[in-house]
Amino acid sequence: MKNLKYNDTQLSKELLSEIKEISLSLGDVTIMEFCGTHTHSIFRYGIRDILPKNITMLSGPGCPVCVTDNRDIDYFLALAEMPNTIIATFGDMIKVPGSSKSLQDIKAEGKDIRIVYSCMSALEIAEQNPKKNVIFLGVGFETTAPTVAGAIIEAKKRGMDNFFVYSMHKLTPPAMKSILELGEVKLNGILGPGHVSTVIGSDAWIFLPEGYKIPIAIAGFEIIDILLGIKALLRMIKDNTPAVVNTYIRTVKPKGNKLAQDVMYEVFEVTDSYWRGLGRLPESGLKIRDKYEDFDAKKKFLVNTSEISENRFCKCGEVIRGVISPLECPLFKDVCNPSNPIGPCMVSSEGTCNAYYLYGARL
Ligand code: SF4
């Protein structure tokens, strides 16, 4: 695959025709793409429309902003209202609504909220503002956590005392396990996350075929990558040979990226975590180790949050679990849209509702 062009039209056609051929001998098949970036790529390339009718792609919980629970959102909103504080965050979090407001609302009230593209930028802001507390909102999966850990290590080296991280990092395998154990959706295969697997390795998904008899194909994000992944899944489903197949070998190795894992676990340790739509999942989150507690915003700043509530009409939880499509949410489009998002699944650039809206999905 060394010289493969991942947008090659002829190859796409060939893969599609192989997919069609395999699917002729299959009944209805449902594949969940775990990752929000896959969801958006699948829509961008129109893959749902060109697949055979008996193949359904279902979006999963792989959008870190979407799965962040309102407990955490309300907590960091309270942090943002503290005096002498700068909140540094990825742009996706700005419009995410908590129980009563969003960071955008708090910014409009005059608080200092800044969009950054990396945790290191937050650290630089802290250096430039030594009299203020700078809190970085750590949202993301195994892909993001190592870079945040690296910034914390750097802050310790520099002896900083005004830089903090509010860690909401989450681990992806427990969420996949939870969806399978809930049994609300019948899945025949999983399109595995490419970026996350680059860090954790393809071997991290062995529990799917071994424990649940479900095949997984780890895929990249170009059209060829996704079609290769779907073809690999259909083959395994047809032959009843569930396994982990890595179709993203240019990036993903069986054991992942050891250096990234080492940095991540130097700073973080595994803990239980609340997920929107899935509740409290054991050993599914990352908290800052005691060794680095001076940088832990959760320990440094204890704030009161008012009663946690969610918009009762927003169906983000069900969308995250693949139980409903965004089109089944009564608020989709007319009430909830990117200009006026009611739930995080519409805000985030990896959110399923956002993808359905952007690409004009129809039932
Ligand atoms: Fe929530 Fe909006 Fe999605 Fe409905 S369309 S589930 S309100 S984010």
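Modeller: Throughout this predicted model, a residue is called buried when its relative accessible area is under 20%.

Biologist: Why does Cys353 count as buried?

Modeller: The relative accessibility of Cys353 is 10%, which is again under 20%, and therefore Cys353 is counted as buried.

Biologist: What makes the link of Cys63 to Cys66 a disulfide?

Modeller: The criterion is a pair of cysteine sulfur atoms within 2.5 Å, and the S to S distance from Cys63 to Cys66 is 2.3 Å, so the pair qualifies as a disulfide. The angle about the S-S bond is 70 degrees, and the link of Cys63 and Cys66 is right-handed. With relative accessible areas of 4% for Cys63 and 2% for Cys66, each set against the limit of under 20%, Cys63 is buried and Cys66 is buried as well.

Biologist: What makes Cys316 and Cys345 a disulfide?

Modeller: Their sulfur atoms are 2.4 Å apart, and because the limit is within 2.5 Å, Cys316 and Cys345 are taken to form a disulfide. This pair links distant parts of the chain, with Cys316 in helix α15 (residues 316-320) and Cys345 in helix α16 (residues 344-347), 29 residues apart. Cys316 counts as buried at 3% relative accessibility, and Cys345 does so at 1%.

Biologist: How many disulfides does a search of the whole structure find, and what is the pairing of the bonded cysteines in sequence order?

Modeller: The search finds 2 disulfides, and when the bonded cysteines of the protein chain are numbered in sequence order, the pairing reads 1-2, 3-4. As for Cys119, the nearest cysteine sulfur is that of Cys63, 19 Å away, and since a disulfide needs sulfur atoms within 2.5 Å, Cys119 is in no disulfide.

Biologist: Why is helix α9 (residues 172-182) said to be largely enclosed by the rest of the structure?

Modeller: Of the 11 residues of α9, 8 are buried, so the helix is largely enclosed by the rest of the structure; among these buried residues are Thr172, Pro173, Met176 and Leu180. After α9 comes Gly183, with a positive phi near 70 degrees.

Biologist: Which residues surround the ligand, and how many of the shell are nonpolar, polar or charged?

Modeller: The surrounding residues include Cys314, Lys315, Cys316, Leu331, Phe332, Gly343 and Cys353, and by class the shell has 9 nonpolar, 1 polar and 1 charged residues. The space that the ligand takes is the largest cavity.

Key
Residues are numbered from 1 along each chain as its sequence is written. This is a predicted model: local features need pLDDT of at least 70, side-chain atom pairs count only at pLDDT 80 or more; totals for chains, interfaces and linings use all residues. Side-chain values use heavy atoms; hydrogens and water are left out. Buried means under 20% relative accessible area, exposed over 50%, partly exposed in between (1.4 Å probe, protein chains only). Helices (H or I, at least four residues) and strands (E, at least two) are DSSP runs, numbered from the N terminus. A residue is near a molecule or strand if one of its heavy atoms lies within 4 Å of it. On a 1 Å grid over the protein atoms alone, a cavity is a set of points where a 1.4 Å probe fits but cannot get out, and a pocket is an open set with protein on both sides within 12 Å along at least five of seven lines; lining residues have an atom within 4 Å of a point. A molecule sits in a cavity or pocket if more than half of its atoms lie within 2 Å of its grid points. Ala, Val, Leu, Ile, Met, Phe, Trp, Tyr, Cys and Pro count as nonpolar, Asp, Glu, Lys and Arg as charged, and the others, Gly among them, as polar.
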